[in-house]
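I opened this notebook to keep track of what I looked up in one structure.

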Amino acid sequence: MIKRLLCCLCLAVALPVAANPFETTLKNGMRIIVKEDRRAPTVVHMVWYRAGSIDEVDGSSGLAHVLEHMMFKGTPSIGPGEFSKRVAAAGGRDNAFTSRDYTAYFQQVPKEKLEEMMQLEADRMRHLNVDPKEFAQEIKVVMEERRMRTDDHPQSKLFEQMNAVAFQAHPYRRPIIGWMSDLENMTAADARAWYDQWYVPNNAYMVVVGDVDHQAVFKLAEQYYGGLEGRALPQRRPQTEPQQQGARRISVKAPAELPMLVMGYKAPVIRDVNKDRDPYALQMLGAILDGYDAARFGKRLVREQQLAISVGIDYDATARGPGMFYLFGTPAEGKSVADLEAALRGEIVRIQQEGVAEAELKRARAQILAAQIYKLDSMFGQAMEIGGAESAGLSYKDNARMIEKVQQVTAEEVRAVAKKYFSDDTLTVGTLDPQPLDGKARRPVAATRH
Amino acid sequence: MKRLFAIFALWCLSALALAGVNIQHWTTTGGARVYFVESSALPILDVQVDFAAGSMFDPPGKSGVAALTRSLLDLGAGELDENAIADRLADLGAGMGGGADTDRASVSLRTLAAADKRGPALELLRLVLQSPRFDAAVFEREKARTIAALKEALTRPDTIAGRTFWAALYPEHPYGRKTSPEELAALTREDLQGFFQRYYNVRNASITIVGQLSRQEAGQLAERLAASLPAGEAPTLPAAPQIGKGRTGIVAHPASQSHIYVGIPAIERGHADFFPMLVGNYTLGGGGFVSRLMKEVRDKRGYAYSVYSTFAPLRQPGPFQIGLQTKRSQAGEALKVVRSVLDGFLREGPTAEELAAAKANLIGSFPLRLDSNRKILDNVATIGFYGLPLDYLDTYQQKVAAVTAEQVKQAFARHVRSENLVTVMVAAD
């Protein structure tokens, strides 16, 4: 089945040559990765910096993200707000995102506008203005973003608190958006220092996917990014998380109706694409538990036992820092978080004792294989996949190999990781304890006036 | 392999008359409307079947029927129970999606295009449309889950603001009716079956097909899908919404931010003022980082992370809406700024420079609207469902280019009357 599908893929997709994507490295150390995709006359251009919240220190949480906002505030040649104006005039869409591991900027444009985007992006890589007045306005915007995403969002708050407890030494304990107090005390000089430290070509890579010729893009990259000077990066300290020795429990009170349970187990991530086995087996375990509506969690806990309104897992096998395998859910009416916790544990125990069926593995493989084809429908998604692997210290070239490795996982390996990583010693449990919106009534009363 | 997709074969940079997509349209023997775009670059097939079966057709006192009916379709059909359907789809690497909004209930299928995959996947789609089981136990469980999720949503300031806003805009129209835990609790399985029998029929269906398939295969596919549906009759639309007096609704909530909505029922799909509204709204609050609202509320004052204006043309006049969230202590000030930006725009319309910038983006970004099968499917399904002209995409850029500042001003004056605006604030001090 695998062979036939892959063959069909080769025939159907206009892959110019087997080398696609193509890559080169500029003299200043900046890597350039280009994937030709000629389906439509558009292109996505991204520049990724290996600087995320993982690189922040205490007292300056949220700095990577604040700088992302400041990157739209102009250079000597481009006024504040002018960047987005130029992208819009080119018929483009632009934005940026900050994660634990990286900060990335992108524009989606008609293909003939790629050069202008590269020119703009190269300009702000080394020539940003960090104006104190602009900073003073923008930091307020970021605080509003924090209120919206976290402070008024009970489930996000729970995850923020979970991470703050699950990690003690490693910077993953700090929220990407930053603690409010750190935002309140951040200065334009902090943002400037961050920019000077990390925004250099040797800490960046460009990803382009679209209707382009890679040689032409390489030339443009040399023209616009090639002249920027590289600089030695600060030392990155490992800040290794000590071995957790015993379960940790937290609860968060917030205005809500339903409780929520999150169980996070420390788990490995892929460091050596070829030698590692366990992260792939954990990915397969995730697919068997929660890969589709009638996978084990949905079928047994939501549908059959009706213990939960919803259940899920979250596991990312690639990251710069340490990994976590999360189980989470919301109990059904009349059930408690304790009931749900027992049930989630029960599903892990079942796999520890009985293993998984070959049919489950086969089904997960079929879904993974199909997803490989569906992902080609999105240029943005393809660029994200390339950039994501690179951000975790792997290569985009590893993506196909990593998928192959998941396909090769055996039932015994799934059982082995279920036994190995789901111990109480490395567990952090968080519960959302729902509170009424005010001290008295549970439901708000609407008053209307003219 | 051709360098360019067939659908972009007519692409020409110098002309404004760009071909959108080549939509082939026909009607099945039974009368279902079919819209087909052949797209052979990827071995993928997308099929979406849309019915005029959204929440606007919920019978009075039974709000929530449309959404629950849709959600139960693929949870058991014919001989297959909900798990058997999900297992078979997963085995095929296929996925079913869709949902119900105010106007439309959709069932969509994405499958690999290879015959041994798409054949069985399409049979599952047919089964789900033809003979959903509405199993009693599944119905009770899904009802309980829906009620729980709604109770949770009703604690959220954004949900409360949205529901209050729609209720205030549409006091006498079904668009304003939102379901409650109590109404949901009173629903029966027979309510869902009755709704399904009334609205899921051939006359009420449009079928959109995008992917690696020949015209002949698409014809057979559509015929087979449509043949599984009863003939039925088209829905009766409620009386158009009336525009009431302007008013302000305040809802107490402990959130740290106020959620503010300002708006009014505006235009329906296919309205002659669509393009002037589209171009004008880009300048006011639709154009992301470069809109007037963004500049005044976010960039200059740091009042909000997100502030926008939008208008949603529906089967009947859908809302024009401005939305933002801001620290509750400054909600009053932020609202003043919003009103001043809106009033200024209504008074003067866009400047020549703004008009040119709006057109440049809307025209220039057109290829980005159609650069994946998924986007093509969304666009074509909307054209089909609302009966928009088949050349809607082909003429899109020309129509944007032809809009004048005066037309924008007049269209906004007609549809966004200051004195009729409804304002909703949740969690304001």
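**Entry 1: ground rules**

I am working with a predicted model, in which local features need pLDDT of at least 70 and side-chain atom pairs count only at pLDDT 80 or more, while totals for chains, interfaces and linings use all residues. Residues are numbered from 1 along each chain as its sequence is written, chains are lettered from A and ligands numbered from 1 in the order in which they are written, and side-chain values use heavy atoms, with hydrogens and water left out.

**Entry 2: where chain A meets chain B**

I began with the residues that take part. Chain A puts 75 residues into the contact and chain B puts in 76; contact means heavy atoms within 4.5 Å. I then looked up the area. About 6,600 Å² is buried between chain A and chain B, and carbon and sulfur atoms give 57% of that. Buried area is the accessible area (1.4 Å probe) that two parts lose on being put together, summed over both.

Next I looked up the charged pairs. Seven salt bridges are counted between chain A and chain B, a salt bridge being a side-chain nitrogen of Lys or Arg within 4 Å of a carboxyl oxygen of Asp or Glu. In a salt bridge between K73(A) and D299(B), the N to O distance is 3.9 Å.

I also noted 28 residue pairs in polar contact between chain A and chain B, both residues at pLDDT 80 or more. A polar contact is a pair of N or O atoms within 3.5 Å; within protein, one must be able to donate a hydrogen and the other to accept it, and residues adjacent in sequence count only if both atoms are side-chain atoms.

Which element gives the most to the side of chain A that touches chain B? I found helix α5 (residues 132–151) of chain A, with 10 residues. Helices (H or I, at least four residues) and strands (E, at least two) are DSSP runs, numbered from the N terminus.

**Entry 3: nonpolar cores**

A nonpolar core is a set of buried Ala, Val, Leu, Ile, Met, Phe, Trp, Tyr and Cys residues joined through side-chain atoms within 4.5 Å. Buried means under 20% relative accessible area, exposed over 50%, and partly exposed in between (1.4 Å probe, protein chains only).

The largest core has 137 residues, and F320(B) and F412(B) are among those that touch the most other members. Helix α11 (residues 331–348) of chain B supplies the largest share of this core, nine residues. I looked up F412(B) by itself: beyond four places in sequence, its contacts include P276(B), L284(B), F320(B), F345(B) and R417(B). Another core, apart from this one, has 55 residues, including V142(A) and M180(A).

**Entry 4: salt bridges**

Over all chains, a search of the whole structure finds 62 salt bridges. I took three of them in turn.

R146(A) and D151(A) form one, with the closest N and O atoms 3.0 Å apart. R146(A) is buried at 5% relative accessibility, and D151(A) is partly exposed at 22%.

D191(B) and K62(B) form another, at 3.3 Å between the closest N and O atoms. D191(B) is in helix α7 (residues 189–199) and K62(B) in the loop between β3 (44–51) and α1 (65–73), both of chain B, so the pair ties together parts 129 residues apart in sequence. D191(B) counts as buried at 17%, and K62(B) as partly exposed at 30%.

R414(B) pairs with D273(B), the closest N and O atoms being 3.0 Å apart. The pair ties together parts 141 residues apart in sequence, because R414(B) lies in helix α15 (residues 405–415) and D273(B) in the loop between β8 (257–265) and α9 (274–286) of chain B. R414(B) is partly exposed at 44%, and D273(B) is buried at 8%.

I also noted a network of salt bridges that links E23(A), R31(A), R50(A), E390(A) and K397(A).

**Entry 5: two single residues**

Is D371(B) buried or exposed? It is buried, at 9% relative accessible area. D371(B) sits in the loop between α12 (352–364) and α13 (373–386) of chain B. Its side chain makes polar contacts with the side chains of T42(A) at 2.9 Å and K375(B) at 2.7 Å.

E116(A) is in helix α4 (residues 114–126) of chain A and is partly exposed at 23%. Beyond four places in sequence, E116(A) touches R86(A) and A90(A).
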